Amino acid sequence: MLLTKPHLSNSFLPSARRSNPAPSSSHVKPLPVSAPPRRGLRISATSAEAPAAPTAAAALSRVDVLSEALPFIQRFKGKTVVVKYGGAAMKSPELQSSVIRDLVLLSCVGLRPVLVHGGGPEINSWLLRVGVEPQFRNGLRVTDALTMEVVEMVLVGKVNKHLVSLINLAGGTAVGLCGKDARLITARPSPNAAALGFVGEVARVDATVLHPIIASGHIPVIATVAADETGQAYNINADTAAGEIAAAVGAEKLLLLTDVSGILADRNDPGSLVKEIDIAGVRQMVADGKVAGGMIPKVECCVRALAQGVHTASIIDGRVPHSLLLEILTDEGTGTMITG
């Protein structure tokens, strides 16, 4: 039986810990209780009436947050986590800044993040600038030769380098790559290539170039443009690419930042979020029609990554501030975690 929870608050402080489920069962944990906001005060030297200093209780609350995170930092220290980034969290400058800072924080406390990104809205904007109307079939971009040129220029030349700059400005050290670099991703045409054009699938991943980057504490930032054996460029679905990269680098965790809260037990009820489920459970939900549409490829890439050795995969709402930290540094999480 699936349990559900109400909408997640933005609190970073959990009230309960998510236990590791038995492989054959799926279950959900309740929501954390919201912690009060904690804001520092800046006091002007010329102020006639200086506001009261922050209370000891407020300072202790900050320390409690760090203390709560310690076991999770210790657990994930030195482990690789692959984050697929796109959707609404990429559109909003505020959320974009939040995601980047969280990624750098994870790197600073010893995790080894890898960022795989899309850039659909930016691609649409530039296609319209050159007079091309974006077209989609079954959720996939129809990619003719001109569209492929725009996709590569925008993803590799603009979005990728923008994210690299943001990470560097936030105190991290990022290295921008695409699937073409060092044959990181070799593509093959989609089975529906006649209708979709240069939309590709992942034929294989060679993570050789990533290992020294990750080991040195840098953050790889990967645009999902790749080439086939003949050098023809293809646009690769970012979720799929992230799952295959996670498997190739032996990631501890795969996280897909999306525009939805996660897997819902009832697609018409946003409050029916499934907090945790195993592979058997999610396959049953697909068979029952409870997982459908654009969620199916996300679930499939998670299942495939788990089958190749990734320990857990999470589908989380990128619109929730600090969703990465909530998912990794608390046992409460913020979306749906799929286990092997």
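Two strands are taken as paired if DSSP finds at least two bridges between them. Helices (H or I, at least four residues) and strands (E, at least two) are DSSP runs, numbered from the N terminus. The structure is a predicted model, in which local features need pLDDT of at least 70 and side-chain atom pairs count only at pLDDT 80 or more, while totals for chains, interfaces and linings use all residues. Residues are numbered from 1 along each chain as its sequence is written, and side-chain values use heavy atoms, with hydrogens and water left out.

With strand β14 (residues 336-339), β13 runs antiparallel, and 4 bridges join the two. Within this pairing, I315 has T336 of β14 as its bridge partner. With strand β11 (residues 253-258), β13 pairs in the parallel sense over 6 bridges; here K253 stands opposite T312 of β13.

The loop between β13 and α11 (323-329) contains H322. This residue has a positive phi near 60° although H322 is not a glycine, and H322 counts as partly exposed because its relative accessibility is 37%. T330 lies in the loop between α11 and β14. At 2% relative accessibility, T330 is therefore classed as buried. Polar contacts were defined as pairs of N or O atoms within 3.5 Å; within protein, one atom must be able to donate a hydrogen and the other to accept it, and residues adjacent in sequence count only if both atoms are side-chain atoms. The side chain of T330 reaches the backbone nitrogen of E332 at 3.3 Å, and a polar atom of this side chain lies 3.2 Å from the backbone nitrogen of G333.

Two further loop residues were examined. R183, in the loop between β5 (174-178) and β6 (185-189), is a non-glycine residue with a positive phi of about 55°. R183 counts as exposed because its relative accessibility is 64%. E133 is placed in the loop between α4 (120-129) and β3 (136-137), and its relative accessible area of 57% is why E133 is classed as exposed. The C-alpha atoms of E133 and T147 are 9.7 Å apart in space, and the two residues are 14 residues apart in sequence.

Technical notes
Buried means under 20% relative accessible area, exposed over 50%, partly exposed in between (1.4 Å probe, protein chains only).
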